[in-house]
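Subject: Structure handover

Hello,

Here is the structure I said I would pass on. Please have it open while you read the notes below it.

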Amino acid sequence: MTDSTPARPGGAEVLSALAEVIEQRRQADPEQSYVARLHARGLDEMLKKLGEESAETLIAAKNDDTDALVSEMADLWFHALVVLAARGRHPDDVLDELGRRFGLSGVAEKAARETSGRRSDHS
């Protein structure tokens, strides 16, 4: 007996797979697709959802509920991918940026961004 379920991607592959699904569903019927509904409602609605998911992630972390934290973080990352797609970017762009920063001191990297005019509030 063979399993017809496609293999589930893991690691960074899941981000690319989700990006593909999001891209496919952007133009779908908003009555049938949550992603299409978000896109139909516009960037402000997408950003509102991203903010809501961020707040829920913070609450789960504060409450020391690690299962809820993982679940809320998944929601947060999903909505971040929706916003990236809306702005014409791919998760590989973020992974490339993280790779560029890898091995740099956070203090040195932040100072370099400030002197180059790029700004970010992460630590």
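Helices here are DSSP runs of H or I with at least four residues, numbered from the N terminus. Please keep in mind that this is a predicted model.

I start with the salt bridges. Side chains of opposite charge can pair when their charged atoms come close.

Helix H3 covers residues 43-62. The side chains of Lys49 and Glu52 form a salt bridge, with N to O at 3.3 Å. How far apart are Glu52 and Lys49 in helix H3? They are three residues apart, so about one helical turn separates them. Is Lys49 buried or exposed? Lys49 counts as buried, because its relative accessibility is 18% and the cut-off for buried is under 20%. Glu52 has a relative accessible area of 29%, which makes Glu52 partly exposed. The pair also belongs to a network of salt bridges that links Lys49, Glu52 and Glu53.

Two further pairs involve arginine. Asp93 and Arg89 form a salt bridge, and their closest N and O atoms are 2.9 Å apart. Asp93 is partly exposed, at a relative accessible area of 30%. Arg101 forms a salt bridge with Glu97, again with 2.9 Å between the closest N and O atoms. Both Arg101 and Glu97 lie in helix H5 (residues 91-101), where four residues, about one turn of the helix, separate them. Arg101 counts as buried, at 18% relative accessibility.

Helix H5 also holds Leu95. With Val94 and Leu98, Leu95 forms a nonpolar patch on the surface, and together the three have about 220 Å² of accessible area. Leu95 counts as partly exposed, at 31% relative accessibility.

The largest nonpolar core has ten residues: Leu15, Ile22, Val35, Leu38, Met46, Leu81, Val82, Val83, Leu84 and Ala85. Helix H1 (12-25), helix H2 (34-41) and helix H4 (66-86) are the elements that give two or more residues to this core. Which helix gives the largest share? Helix H4 does, with five residues.

Leaving out residues up to four places away in sequence, Met46 touches Leu38, His39, Val82, Val83 and Ala86. Of these, Leu38, Val82 and Val83 are listed in the core as well.

Regards

Note on methods: Residues numbered from 1 in each chain as written. Predicted model: local features only at pLDDT ≥ 70, side-chain atom pairs only at ≥ 80, totals over all residues. Heavy atoms only, no water. Core = buried A, V, L, I, M, F, W, Y, C linked by side-chain atoms within 4.5 Å. Buried < 20%, exposed > 50% of the residue type's maximum accessible area, 1.4 Å probe, protein only. Contact = heavy atoms within 4.5 Å. Salt bridge = Lys/Arg side-chain N within 4 Å of Asp/Glu carboxyl O. Patch = residues over 30% accessible without salt bridge, like charges linked within 9 Å, V, L, I, M, F, W, Y side chains within 5 Å. Areas by Shrake-Rupley, 256 points an atom, 1.4 Å probe, with all protein chains shown as cover.
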